[in-house]
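Subject: Handover of a structure

Dear colleague,

Please find below the structure that I am handing over to you, followed by an account of what was found in it. I would be grateful if you read the account with the structure open beside it.

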Amino acid sequence: MTRSLSCLVRLRPCARNAVALVAVLATSAAAYGCVTLSCTEVGCDDNFSIITTTADRTWAAGEYALDLSVDGDEVSCSYTWTDTPQPGGGGVFVQCSETVTVSINAAMRCTVTTNGGAISQSCTPIPGQSVQGITVRGTPARVDVVVRRDGDVIGERSFTPRYQVSYPNGEACGPECRGDAQEWELP
């Protein structure tokens, strides 16, 4: 014979409802297990990147100038590339404006290793090969780029980013970030 809790203990209607709610919640937690949301604090910025290479990935020494139009806003910057390895393996980094940066660094050869459930990646520079990166912070709809070496135009192209949304900490945790990276091969 089964008796309800309200028959064993005299409870008012509101108290009976509260007891019923607690019983339902306890049963649900026991049936499904308790899930706690743990968020990391990895941040990210919206951006558009252009990865610029040449056919053989060599980057000729010279005076480089870049002219960009980012949604109609003009940005120019320049740098000297000597094709001489920098101390510590670093390359060139130029802050063109508040939103545009240019870097040139060694091209890398990366290998991915899987061991059980763990995945690791190691990268080593490829001697004599370089890659130029142009990064525009934000989410511009159009970016036009002209690259000059020693005054001569070596490349000119318009880009229309196609942003992908990512959540570095998981969708429930935020932040939401939008980004796109496109490759461009110069002669």
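Cys123 is partly exposed, with a relative accessible area of 34%; here buried means under 20% relative accessible area, exposed over 50%, and partly exposed in between, for a 1.4 Å probe and protein chains only. Its partner in a disulfide is Cys110, with an S to S distance of 2.0 Å, where a disulfide is a pair of cysteine sulfur atoms within 2.5 Å. Cys110 is likewise partly exposed, at 38%. The torsion about the S-S bond of Cys110 and Cys123 is about 110°, so this disulfide is right-handed. Cys110 belongs to strand E5 and Cys123 to strand E6 (residues 118-137), so the bond ties together parts that lie 13 residues apart in sequence. Helices (H or I, at least four residues) and strands (E, at least two) are DSSP runs, numbered from the N terminus.

Before I continue, two remarks on the basis of these values are in order. This is a predicted model, in which local features need pLDDT of at least 70 and side-chain atom pairs count only at pLDDT 80 or more, while totals for chains, interfaces and linings use all residues. Residues are numbered from 1 along each chain as its sequence is written, and side-chain values use heavy atoms, with hydrogens and water left out.

The other disulfides

How many disulfides does the rule give? The count comes to 3.

Cys77 is joined to Cys96, with an S to S distance of 2.1 Å. The torsion about the S-S bond of Cys77 and Cys96 is about 50°, so the disulfide is right-handed. This pair links distant parts of the chain, 19 residues apart: Cys77 is in strand E3 (residues 73-81), and Cys96 is in the loop between strand E4 (92-95) and strand E5 (100-115). Both Cys77 and Cys96 are buried.

A disulfide also joins Cys44 to Cys177, with an S to S distance of 1.3 Å. Cys44 sits in the loop between helix H2 (13-32) and strand E1 (47-54), whereas Cys177 is in strand E10 (residues 177-186), so the pair ties together parts that are 133 residues apart in sequence. Cys44 is partly exposed, with a relative accessible area of 29%; Cys177, at 4%, counts as buried.

The open sheet

In which order do the 4 strands of the open sheet follow one another? The order is E3-E2-E7-E8, and the pairing is antiparallel; two strands pair if DSSP finds at least two bridges between them. E3 and E8 are the edge strands, as each pairs on one side only. Neighbouring strands of this sheet are turned by 15° against each other on average, direction ignored; the axes are lines fitted to C-alpha atoms, for helices over the stretch in contact, and angles run from 0 to 180 degrees between N-to-C directions.

Strand E2 (residues 62-70) pairs with E3 in the antiparallel sense over 9 bridges, and Gly62 stands opposite Trp81 in E3. E2 and E3 form a hairpin with 2 residues between them, and Asp71 in the turn has a positive phi of about 50°. E2 is also joined to E7 by 7 bridges, and these two strands run antiparallel. Ser69 has Asp144 in E7 as its bridge partner.

Positive phi in loops

Arg57 is a residue other than glycine with a positive phi, near 65°. Arg57 is located in the loop between E1 and E2 and, at 31% relative accessibility, counts as partly exposed. Asp150, also not a glycine, has a positive phi of about 50°; Asp150 lies in the loop between strand E7 (143-149) and strand E8 (152-159).

Aromatic pairs

The count of aromatic pairs comes to 4. Rings of Phe, Tyr and Trp (its six-membered ring) pair if their centres lie within 6.5 Å; planes under 30 degrees apart count as stacked, over 60 as edge-to-face and the rest as tilted.

The rings of Tyr64 and Tyr79 have their centres 5.2 Å apart and their planes at 10°, so the pair is stacked. Tyr64 counts as buried at 2% relative accessibility, and Tyr79 counts as buried at 5%. Elsewhere, ring pairs link Phe48, Phe159 and Trp184 into a cluster.

Yours sincerely
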